[in-house]
Amino acid sequence: MSTVNIAKLPLHIKAREKIYPASGGVGRFPVPDDKVPWNVEWPEYQPTDFTAKVVAEGPVWADPEIRTDDSVKLKFNQRDGKVNRKSHIGNYEVIEGVPRNPCGRTGMVGRGFLGKWGPNHAADPIVTRWKSDQHGNILKDSETKKPILQFVAIKRKDTGEWAIPGGMVDAGDTVSATLKREFGEEALNSMDATDAEKKTIEKSVADLFKCGIEVYRGYVDDPRNTDNAWMETVAVNFHDMSGNSVGKFKLHAGDDAGDVQWADICSQLKLFASHESFIQKTASNLDAHW
Ligand code: BGC
């Protein structure tokens with residue numbers, strides 16, 4: 001695979017947010033837009049070194065510390081046993097044994113809350129249906145005259161923002177297995193449904209998830225990214241065209257009461273990390289209101 005062409009990557013913004021999320025106030029070294037690219041020299045750059053305690057304690061999902069004595073050999077830019085250390089966007093640089101964020105400076109070194117050095121892979125299932133009234137008529141936006149799409153959104157516990165119910169690809173797991181598992185764990189478990197209903201829902205999910213349309217694959221502008229660890233994802237749209245499959249299941253529709261809902265898709269949506277752009281692309285693919 002070719003080396004990353006940074007000029008083609010978007011300027012990360014959330015990855016430079018002043019305060020690192022859920023860190024109790026750990027601040028990043030401020031990085032102005034023009035200092036993001038690594039090829040702009042900046043001798044004054046003094047990034048904060050932060051690796052969260054949970055990560056440093058070495059749980060199964062985290063890598064060990066990288067030591068200069070070479071005792072830890074992680075295979076970057078390749079599949080390393082069960083861990084995929086390849087980036088979706090090309091080969092990243094490894095400087096003195098430590099991977100370097102292909103999108104540039106973030107104001108922080110170490111891993112923050114991310115377990116892996118280099119890419120941390122996630123998968124995002126975008127489950128959609130058309131918004132309809134009680135008679136099943138599809139509702140259109142009064143201005144754009146386009147049908148309104150809804151997607152299954154969850155409220156994230158770390159940042160409190162609405163998001164696609166995605167999650168991390170576990171070691172040895174595939175993206176497609178992760179998509180289904182995360183949707184089950186994050187969205188379905190918090191639904192108001194009996195065990196019997198949940199069985200029917202699981203069957204519908206299994207059928208719907210047989211064919212999805214890939215919406216995005218690559219780097220994510222995530223607030224947890226650092227100079228040495230970053231998020232990447234594959235986002236896939238599963239559209240319940242008739243509304244008779246997963247689309248008929250009740251979530252806490254449209255209110256903020258629960259932590260899972262069918263959210264109306266429009267340009268005013270404010271979502272976690274790069275999720276707005278995945279949702280916009282999904283709406284455009286389906287020629288829906290935005
Ligand atoms: C989330 C995904 C998200 C990814 C990158 C993961 O923690 O579960 O939904 O796309 O991070 O931000």
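**Close-up views of the model**

**View A. Lys-53 is exposed, and Glu-57 is exposed as well.** Here "exposed" stands for a relative accessible area over 50%, "buried" for one under 20%, and "partly exposed" for anything in between (1.4 Å probe, protein chains only). The side chains of Lys-53 and Glu-57 meet in a salt bridge, with N and O 3.2 Å apart. To count as a salt bridge, a side-chain nitrogen of Lys or Arg has to sit within 4 Å of a carboxyl oxygen of Asp or Glu. Side chains of opposite charge can pair up when their charged atoms come close. Before you go on, note that this is a predicted model: local features need a pLDDT of at least 70, side-chain atom pairs count only at pLDDT 80 or more, and totals for chains, interfaces and linings use all residues. Numbering starts from 1 along each chain as its sequence is written, and side-chain values use heavy atoms, with hydrogens and water left out.

View B. Look for Val-54 in helix H1, residues 53–56. Val-54 is partly exposed, at 40% relative accessible area. Helices (H or I, at least four residues) and strands (E, at least two) are DSSP runs, numbered from the N terminus.

**View C. The ligand is surrounded by 14 residues.** The closest are Asp-124, Gly-166, Asp-222, Arg-224 and His-275. Now for the polar contacts, meaning pairs of N or O atoms within 3.5 Å (within protein, one must be able to donate a hydrogen and the other to accept it, and residues adjacent in sequence count only if both atoms are side-chain atoms). Asp-124 has a polar side-chain atom 2.4 Å from a ligand oxygen. For Gly-166, a polar backbone atom is 3.0 Å from an oxygen of the ligand. Asp-222 brings an N or O atom of its side chain to 2.4 Å from a ligand oxygen. On its own, the ligand would expose 310 Å², and the protein buries 97% of that.

View D. Sorted by class, the shell has seven nonpolar, three polar and four charged residues. In this sorting, Ala, Val, Leu, Ile, Met, Phe, Trp, Tyr, Cys and Pro are nonpolar, Asp, Glu, Lys and Arg are charged, and the others, Gly among them, are polar.

**View E. Asp-264 and Lys-131 form a salt bridge.** Their closest N and O atoms are 2.6 Å apart. Asp-264 lies in strand S13 (residues 260–264) and Lys-131 in the loop between S7 and strand S8 (149–155), so the pair ties together parts that are 133 residues apart in sequence. Asp-264 is partly exposed at 31% relative accessible area, and Lys-131 is partly exposed at 23%.

**View F. Here are some other salt bridges.** The structure holds 18 salt bridges. One of them links Glu-214 with Arg-217, whose closest N and O atoms are 2.9 Å apart. Glu-214 is partly exposed at 41%, and Arg-217 is partly exposed at 42%. Elsewhere, Asp-170, Asp-173, Arg-181, Glu-182 and Glu-185 join up in a network of salt bridges.

**View G. Asn-77 and Ala-273 are worth a look for their backbone angles.** Asn-77 isn't a glycine, yet its phi is positive, about 60°. You'll find Asn-77 in the loop between H1 and strand S2 (79–80), where it is partly exposed at 22%. Ala-273 also has a positive phi, near 45°. Ala-273 sits in the loop between S13 and helix H4 (275–285) and is buried, at 7% relative accessibility.

**View H. Trp-117 is a buried loop residue.** Its loop runs between strand S6 (108–112) and S7, and its relative accessible area is 5%.

Note on methods: A residue is near a molecule or strand if one of its heavy atoms lies within 4 Å of it. Accessible areas come from the Shrake-Rupley method with a 1.4 Å probe; for residues, only the protein chains shown count as cover.
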